[in-house]
Amino acid sequence: MRTSYDVIVIGAGPAGYHAAIRAAQLGLNTACIDKSLGKDGKPAYGGTCLNWGCIPSKALLDSSHKFVDANQHFAEIGIKVGKVSADIPKMMAHKDKVVAQLTGGVAALFKGNGVNGLPGTGKLLAGRQVEYTNHEGAVATLSAEHVILAPGSVPVDIPPAPLTDDLIVDSTGALEFQSVPKRLGIIGAGVIGLELGSVWNRLGSEVVVLEALDSFLPMADDRIARDGLKLLRGQGLDIRLGTRVMGAEVAAGAVNVSYQDKDGDQSLTVDKLIVAVGRRPYTEGLLDPDSGVNLDERGFLYVNDLCATDAPNVYAVGDVVRGPMLAHKGMEEGIMVAERIAGQKPLVNYDCVPSVVYTHPEIAWVGKTEQELKASGDAYNVGSFPFAANGRALAANDTDGFVKIIADAETDRILGVHILGAGASELIAQAVIAMEFDACAEDLGLTMFAHPTLSEAVHEAALGVAGHAVHMINRKKK
Ligand code: FAD
Ligand code: NAD
């Protein structure tokens, strides 16, 4: 086995595998060490995202959405299907097939681009040496000119709700239920709680979500969060804000959860409980005390704006460093670091990281929220447009939500875009592109959008910033 490289990457999640592939494409001799194993016990590159995160959750979100459409909404547009039933093992098999296809795809990309994939564990020693232990326990010491750390994150545990084999689970366990729990409890109304809560609610569970905060999705724009909460509650998600979980005990095959809210002590019995209260950086066993890499006060690997750690030529990217724990943020960091190692000068624009919650309707945003701008005292204008007035949304019988664009009052530069609606995850890309190009709301207003499309709601919201939306009553007084 080769032991000396230009670049060694530890971790093959989205941050690490993007870094490794790009480095190899740029002609650098690259190895990528990753310890994840798939369900078949074989190495499975792709990290949390591909194995037990973004991809399996979206497979179940899509399948369960189609199930609800068939069961509840087809009849509204004249398609009679009768009572539709869900085949959960088959849904799970579809999800697993997609996961296997994509993790296998990363292995093929490694091979094709010349990345030396090394299944096993990596530990950074002093002087950019890396201790590599393969799955059979053989240990080798490798060295590199540059090391990129991308070990990702793991779910946070909370003492009142310790995980059990299959009744109290984290997000990974919640992607594996083989039947629909009749009563499902979820601790945390964050992204995972809402997405997995939606999956199981759609498939028939009675879902109760216990959220510690009094506010719902505080990082989203207030109006989006308010309307989103109303719509999700309308679908049957029983979201209880301002709750404090005190304990969770397994008894007679069920879970008894005790919690407090403004009215005092409460209890709840569920068949399964999902703990989804955030994720933390995963650095166990990663660093030798002499590695020269430091952690910040919250346990993230400390890096500067260019993802450089305190150790020379050692970088860290993805969930293990500051910033949102999102796959695309890690991918861009991985690519930036690889290209910088090769002598190029790219930057990651942390002001333009889109966020998406894949509920239905989807919730997506980029840039500043209105409440942030109010707090900072910046003057702004807002344009918004409801999907209920959009021809394509009406044709699709899917009209909940709206697009909201916030622009600087003086320069008209777009400061934030917030979307609640079907297809928000795709529509938000238009906003990200506009903001990357420093566009004004007027620039979007002057752009031609195909008709009839959901995108026209973005166009109309942009026109609305200056009060020009066409499909709104907006008459000048004579
Ligand atoms: P990871 O994906 O966690 O990968 C790290 C890899 O490094 C793992 O394979 C790990 O085994 C390996 N590793 C760790 N330490 C070592 C070591 N010492 N030696 C060798 N290997 C090591 N984000 C989105 O943007 N969109 C979504 O829709 C989305 N959905 C999600 C749904 C769920 C249920 C979850 C849990 C997360 C979701 N995320 C989503 C978040 C996303 O998965 C993470 O932001 C992303 O995977 C982080 O990428 P990463 O490369 O930093 O780390
Ligand atoms: P999160 O931070 O999104 O939400 C956690 C929620 O749990 C918060 O609302 C928090 O107030 C609440 N909470 C914390 N402690 C609690 C307690 N003791 N009792 C009740 N509520 C409590 O975290 P998550 O949903 O676990 O997701 C983890 C990460 O994974 C997120 O940072 C997210 O970026 C990423 N992720 C992204 C996507 C996506 O992009 N669509 C999907 C899933 C996960």
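Helices (H or I, at least four residues) and strands (E, at least two) are DSSP runs, numbered from the N terminus. Keep that in mind as we look around ligand 1. This is a predicted model, where local features need pLDDT of at least 70 and side-chain atom pairs count only at pLDDT 80 or more, while totals for chains, interfaces and linings use all residues. Side-chain values use heavy atoms, leaving out hydrogens and water.

So who surrounds the ligand? There are 38 residues around ligand 1, and D34, S36, T48, K58 and D319 come nearest; a residue counts as near if one of its heavy atoms lies within 4 Å. Look at the side chains: an N or O atom of T48 is 2.6 Å from a ligand oxygen, one of D34 is 2.7 Å from a ligand oxygen, and a polar atom of D319 lies 2.8 Å from one. On its own, ligand 1 exposes 1000 Å², and the protein buries 94% of that (areas by the Shrake-Rupley method with a 1.4 Å probe).

Several elements give two or more residues to this shell, including α1 (14–25), β2 (30–34) and α8 (327–341). The largest share, four residues, comes from α2.

Now for the cysteines. A disulfide is a pair of cysteine sulfur atoms within 2.5 Å, and this structure holds zero of them. For C307, the nearest cysteine sulfur is that of C32, 16 Å away. C307 is also buried, with a relative accessible area of 0% (buried means under 20%, exposed over 50%, partly exposed in between, with a 1.4 Å probe and protein chains only).

Technical notes. Residues are numbered from 1 along each chain as its sequence is written. Chains are lettered from A and ligands numbered from 1 in the order in which they are written. A polar contact is a pair of N or O atoms within 3.5 Å; within protein, one must be able to donate a hydrogen and the other to accept it, and residues adjacent in sequence count only if both atoms are side-chain atoms.
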